[in-house]
Amino acid sequence: MVDFLYPVFYEALDIHGHIQEFGPQNRYKSGFELTTPEERFRLFGAVVDAIHADGAGLAELTYHAPDGRTVDRMFRAPEVGHLQDVAHLVGRIAPVGWLAVAWVGLHLGLIRLRRWRVPPLRRLLGASLLATAAGTVAVFLVGPRKLFQWFHEVAFPPDHPWFFYYQDSLMSTFMKAPDLFGAIAVALVVLALFFYALLLWGARRLASQPA
């Protein structure tokens with residue numbers, strides 16, 4: 001997804017109003033509430049690019065007034081440190097994605113060569129939707145914010161700060177954490193289900209083709 005649909009969630013979650021409320025309250029940075037939505041979209045895209053580049057450029061990222069004038073650096077040192085931790089985590093997880101792609105490719109090849117039978121799509125998709133629904137219920141029973149906190153506690157070094165009040169962090173403010181991350185998680189689940197359905201359809205097609 002392009003920048004995790006930030007422009008879409010910007011409207012849906014009223015991130016603009018959130019910035020207008022907490023931007024002026026920031027104890028370390030000023031003027032961010034005067035930036036345009038386009039500038040905020042650019043900054044979010046720059047953060048995404050930096051995270052996929054192992055954090056390069058985060059400390060130098062600046063925000064600009066509507067007239068193009070540079071106002072200030074976007075993040076303070078603790079925020080840069082946390083985003084670099086996120087970048088390192090993404091770097092460690094990335095090989096798992098490539099292994100998954102290889103695993104899928106291998107099994108598609110075996111389905112074609114060995115004529116493996118693929119169960120009906122309705123049954124597989126039904127089971128997947130049921131598992132997704134059960135997972136969603138479990139998340140709400142535990143509490144999304146508790147899970148968000150638990151994940152940060154186990155995923156990042158204990159001596160590295162990851163929680164920032166809106167009044168102390170433009171990072172938290174313009175991402176409206178953790179609401180934005182919840183919306184992104186839902187979008188990723190929907191996207192994963194779509195590609196899973198597409199994969200199953202492709203597997204069925206391969207299995208039905210004559211040798």
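This is a predicted model: local features need pLDDT of at least 70, side-chain atom pairs count only at pLDDT 80 or more; totals for chains, interfaces and linings use all residues.
Local features need pLDDT of at least 70 and side-chain atom pairs count only at pLDDT 80 or more, whereas totals for chains, interfaces and linings use all residues. Residues are numbered from 1 along each chain as its sequence is written, and side-chain values use heavy atoms, with hydrogens and water left out.

**View 1. Asparagine 26 in the loop between α2 (15-22) and α3 (37-51).** Helices are DSSP runs of H or I of at least four residues, numbered from the N terminus. Asparagine 26 has a relative accessible area of 9% and is therefore buried (under 20%, 1.4 Å probe, protein chains only). A polar atom of its side chain lies 2.8 Å from the backbone nitrogen of tyrosine 28. Leaving aside residues up to four places away in sequence, asparagine 26 touches Tyr166, Gln167, Asp168, Ser169 and Leu170 (contact: heavy atoms within 4.5 Å).

**View 2. Packing of helix α4 (residues 77-114) with helix α8 (residues 179-208).** The axes are 8 Å apart, at an angle of about 25 degrees, so the two helices α4 and α8 are roughly parallel (angles under 35 degrees). Val104, Leu108, Ile111 and Arg112 of α4 meet Leu199, Ala203, Leu206 and Ala207 of α8. These residues comprise 7 nonpolar, no polar and 1 charged (nonpolar: Ala, Val, Leu, Ile, Met, Phe, Trp, Tyr, Cys and Pro; charged: Asp, Glu, Lys and Arg; polar: the others, Gly among them).

**View 3. Packing of helix α5 (residues 121-142) with helix α6 (residues 144-155).** Here the angle is about 90 degrees and the axes are 6 Å apart, so α5 and α6 are roughly perpendicular (65 to 115 degrees). Val139, Phe140 and Val142 of α5 contact Pro144, Lys146 and Leu147 of α6.

How values were computed
Buried means under 20% relative accessible area, exposed over 50%, partly exposed in between (1.4 Å probe, protein chains only). A polar contact is a pair of N or O atoms within 3.5 Å; within protein, one must be able to donate a hydrogen and the other to accept it, and residues adjacent in sequence count only if both atoms are side-chain atoms. Axes are lines fitted to C-alpha atoms, for helices over the stretch in contact, and angles run from 0 to 180 degrees between N-to-C directions. Angles under 35 degrees count as roughly parallel, over 145 as roughly antiparallel, 65 to 115 as roughly perpendicular and the rest as oblique.
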